[in-house]
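Trainee: Can we go through this one together? I would like to start with the terms.

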Amino acid sequence: MVGASDENEAKPATAARIYDYYLGGTHNFPADREAAEAMMRVLPLGPQLARTNRAFLRRAVRHLAESGVRQFLDVGSGIPTVGNVHEIVQQIAPETRVVYVDIDPVAVAESEEILKGNELATAVHGDLRDPASILGHPQVNALLDLDRPVGLLLAAVLHFVPDDDVAYGAVDRLRAALAPGSHLVMSHATTDEVRHDQDELDVAHDIYRRRTTTPLGLRSRSQFERFFAGLELVEPGVVWLPLWRPAPDDPQYFADDPRRSAGLGAVGRVS
């Protein structure tokens, strides 16, 4: 009989658990750690990039919660480890509801375990590329009222949907379901204004292609801005991640040159 540890040894890497490893989490397996270490050999800033993105997400959801948003749909959430969305927003308003959605069933199972006992937060299996299945999911509709404002979170997930037609179509469908007063929070990896060694980028793409089911595709600033077409951008608009309403407790990895964060972030309001 194969034991649980043997099963974990055999699990392939996923972007969600690689991200958890970068954040210093414990919800990852040998394949995730091996893929993450391989990435760090060519892109040693990987953990700093992940933590900078997580800090942006914390600031954005805190802003939304303080502005009165009481429902959050986090698509491509990974694993809600310490300091994630439900902890932040429920500290501000305990009645806030949060649904995490991820394509990785193991990440969903880990999330359900973490959220056990929290009746206002849940995790469901879903694919960003199939927004109808997310919007029609029974648990999503049981916990969230889409006729009221929702914070739609797409943090560091769309660069794993490299097909533009699929990516823009999915975001358009999700946006169309949002009530006035809702917000779109998004971050995305980019090569704009950032010097990258092409050989290093090729290796990074190859690692994600060979070791995970989530290929990597970066977009330019103008391509990123297209996701927000027709929305009212919250100040300061589309900026490098460390520049979106920085807070004293933020990591300071890229304080001297925010472009090195290689990620853009923005929050848009549905009117």
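Mentor: Start with burial: a residue is buried under 20% relative accessible area, exposed over 50%, and partly exposed in between, using a 1.4 Å probe and protein chains only. By that rule, aspartate 249 is exposed, with a relative accessible area of 54%.

Trainee: What sort of model is this?

Mentor: It is a predicted model, where local features need pLDDT of at least 70, side-chain atom pairs count only at pLDDT 80 or more, and totals for chains, interfaces and linings use all residues. Residues are numbered from 1 along each chain as its sequence is written, and side-chain values use heavy atoms, with hydrogens and water left out.

Trainee: Back to aspartate 249. Where does it lie?

Mentor: Aspartate 249 is in the loop between β7 (239-240) and β8 (263-269). Helices (H or I, at least four residues) and strands (E, at least two) are DSSP runs, numbered from the N terminus. Aspartate 249 is 194 residues from alanine 55 in sequence, and the two are 8.8 Å apart in space, C-alpha to C-alpha.

Trainee: Which other residues are found in the loop between β7 and β8?

Mentor: Arginine 245 and alanine 262 are among them. Arginine 245 has a positive phi of about 45 degrees, and alanine 262 has a positive phi near 55 degrees.

Trainee: Why point those out?

Mentor: Because most residues other than glycine have a negative phi.

Trainee: Are these two buried or exposed?

Mentor: Arginine 245 is partly exposed, at a relative accessible area of 36%. Alanine 262 counts as buried because its relative accessibility is 10%.

Trainee: Which peptide bond is cis?

Mentor: The one from glutamate 235 to proline 236, with omega near 15 degrees. Proline 236 sits in the loop between β6 and β7.

Trainee: And glycine 230, where is that?

Mentor: In the loop between α11 (221-226) and β6 (232-233). Glycine 230 counts as exposed because its relative accessibility is 73%.

Trainee: Switching to helices. At what angle do α4 and α5 pack?

Mentor: Helix α4 (residues 46-66) and helix α5 (residues 85-92) pack at about 30 degrees, with axes 9 Å apart. So α4 is roughly parallel to α5, a label for angles under 35 degrees; over 145 is roughly antiparallel, 65 to 115 roughly perpendicular and the rest oblique. Axes are lines fitted to C-alpha atoms, for helices over the stretch in contact, and angles run from 0 to 180 degrees between N-to-C directions.

Trainee: Which residues make the contact?

Mentor: From α4, Leu57, Arg58, Val61, Arg62, Ala65 and Glu66; from α5, Val85, Ile88, Val89 and Ile92. Contact means heavy atoms within 4.5 Å. The residues of this contact divide into seven nonpolar, no polar and three charged. Here Ala, Val, Leu, Ile, Met, Phe, Trp, Tyr, Cys and Pro count as nonpolar, Asp, Glu, Lys and Arg as charged, and the others, Gly among them, as polar.

Trainee: How many residues of α2 are buried?

Mentor: Seven of the eight in helix α2 (residues 15-22). They are Ala15, Ala16, Arg17, Ile18, Tyr19, Asp20 and Tyr22. Just after α2, glycine 24 has a positive phi of about 85 degrees.

Trainee: And the chain as a whole?

Mentor: The protein chain has 11 helices and eight strands, and 55% of its 271 residues are buried. Of its contacts between residues at least 6 apart in sequence, 73% join residues at least 24 apart.
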